[in-house]
Amino acid sequence: MTKGIHDQRAVRHARYAVAAVFLVHGSVTGSFATRVPWIQDHAGVSAGQLGLALAFPALGASLAMPLAGRISHRFGARTALRALLALWTLSLILPSLSPNMATLCLALFVYGATSGMADVSMNALGVEIENRLGRSIMSGLHGMWSVGALIGSAGGTLAAHLGTDARLHHVIAAGVLTVLGLIACTWVLDLQPAENEEPPPRFALPPKSAVLIGAVGFCAVFAEGASLDWSAIYLEDQLGSSAGLAAACTTGFTLTMAVARLAGDKVVDRYGSVRTVRSGGFLAVVGGLLIVLGGHPAVAMTGFALMGLGIAVVVPLCFAAAGRSGPNPSQAIAGVATITYTSGLVAPSAIGGLAQLTSLVISFALVTVLSSGLVFFARVLRSGDRERPKVTGPSPVVAEPQP
């Protein structure tokens, strides 16, 4: 009995540790995003060149994510996450040091590759902890990522307002976040491969189950990317609102998603993954209709808020379902992550291209149609609703976290 209590206490500590890892990961993203204008000026690239360079993080992540499972198999989950997270936080320094287009693309490729591998590792650990606790935690973990992104953005905004050189800002931020990440990783579960377990392949196509789950994630991330990058422009250009109100719309969308993710686990535990995503899809569709048909800034802002509320928990639940969909959680999670990263890459340019050919109203009509996919295809997440018994005894493949 004492051993079981000790094991459960270790799992609870690991949950808080992984939540801190998610916060650190998000803080890097927020710190980078706010200094993109400085990086553009320093590298001397045009808007078009910057758009091309910003495709390299997704490219690097997509190519590197399948390696995360093999690294964890070789070194153990804790050591792998500690190293990959440190590489990710330190990679924040690289883009601001880039003096031209070529070095910027290379820096962003490394930035994306380390981000993707750390992403897969921390989500795989999150799924394992969720299984051991027997209740949903993935939505809250992704909510912590959103909180981290907001913290990083706030720090970056302050640094930009003070006129701080982004190189100095990012060196300081990377140093602080690296130390915090290393401390947090001390308490994560140290998953080890079972005896005679074959290492995952370096590169492999995602399993069929991951493709179906990833398709649901694709719909949510497409709506998220479109709303984040185009909501302010929609309010300004399409509805004639002020720049301040347009910016407030984007901020409101981000905050809605963060709050919904932090509160989402209780909803998932009560109603299950399928009903939660299906209901969220319905809210997103209603939000999309308000955006497309409202014709007034206040109505459109309400629509974007509903869109954020509806899609907020979809990606965390996709990762959770992928982690339970087959014998190799890391490979399945990497497959889903690759699909969602691709969606985030495609969405902004697709919305812009369609808007140039037609209008932004038509673009967000497409977003609304894709959001309806959450209603119709939520059932593929059913693997996330199966019984998850609590583990009270020691696991043969997990070492106790050592403080």
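**Notebook: ring pairs, a surface patch and one loop serine**

I began with the rings and found that the structure holds 6 aromatic pairs. I note here that I am working from a predicted model.

Entry on Phe-32 and Tyr-111. I looked up how these two rings sit against each other, and they form a tilted aromatic pair, with 4.8 Å from centre to centre and 40 degrees between the planes. This pair links distant parts of the chain, since Phe-32 belongs to helix H1 (residues 2-33) and Tyr-111 to helix H8, 79 residues apart. I then checked cover for both residues, and Phe-32 is buried, as is Tyr-111.

Entry on Tyr-234 and Phe-304. For this pair I wrote down ring centres 6.2 Å apart and planes at 80 degrees, and because planes over 60 degrees apart count as edge-to-face, the pair of Tyr-234 and Phe-304 is edge-to-face. Here too distant parts of the chain are linked, with Tyr-234 in helix H11 (residues 208-238) and Phe-304 in helix H13 (residues 297-311), 70 residues apart. Both Tyr-234 and Phe-304 are buried.

Entry on other rings. Which residues do ring pairs link into a cluster? I found Phe-32, Trp-88 and Tyr-111 joined in this way. I also looked at Phe-75, where Arg-74 lies over the face of the ring, at 4.9 Å from the ring centre.

Entry on the surface. I turned to a nonpolar patch on the surface, which is formed by Leu-94, Leu-97, Leu-106 and Val-110 and has about 330 Å² of accessible area together. The elements that give two or more residues to this patch are helix H7 (93-97) and helix H8 (101-133).

Entry on Ser-241. Where is Ser-241 found? I located Ser-241 in the loop between H11 and helix H12 (243-293). To see what surrounds Ser-241, I listed its contacts, leaving out residues up to four places away in sequence, and found Leu-235, Glu-236, Ala-246 and Pro-297.

Conventions: Residues numbered from 1 in each chain as written. Predicted model: local features only at pLDDT ≥ 70, side-chain atom pairs only at ≥ 80, totals over all residues. Heavy atoms only, no water. Patch = residues over 30% accessible without salt bridge, like charges linked within 9 Å, V, L, I, M, F, W, Y side chains within 5 Å. Areas by Shrake-Rupley, 256 points an atom, 1.4 Å probe, with all protein chains shown as cover. Salt bridge = Lys/Arg side-chain N within 4 Å of Asp/Glu carboxyl O. Helix = DSSP H or I, 4+ residues; strand = E, 2+ residues; numbered from the N terminus. Phe/Tyr/Trp six-rings, centres within 6.5 Å; stacked < 30°, edge-to-face > 60°. Buried < 20%, exposed > 50% of the residue type's maximum accessible area, 1.4 Å probe, protein only. Lys NZ or Arg CZ within 6 Å of the ring centre and 35° of its normal. Contact = heavy atoms within 4.5 Å.
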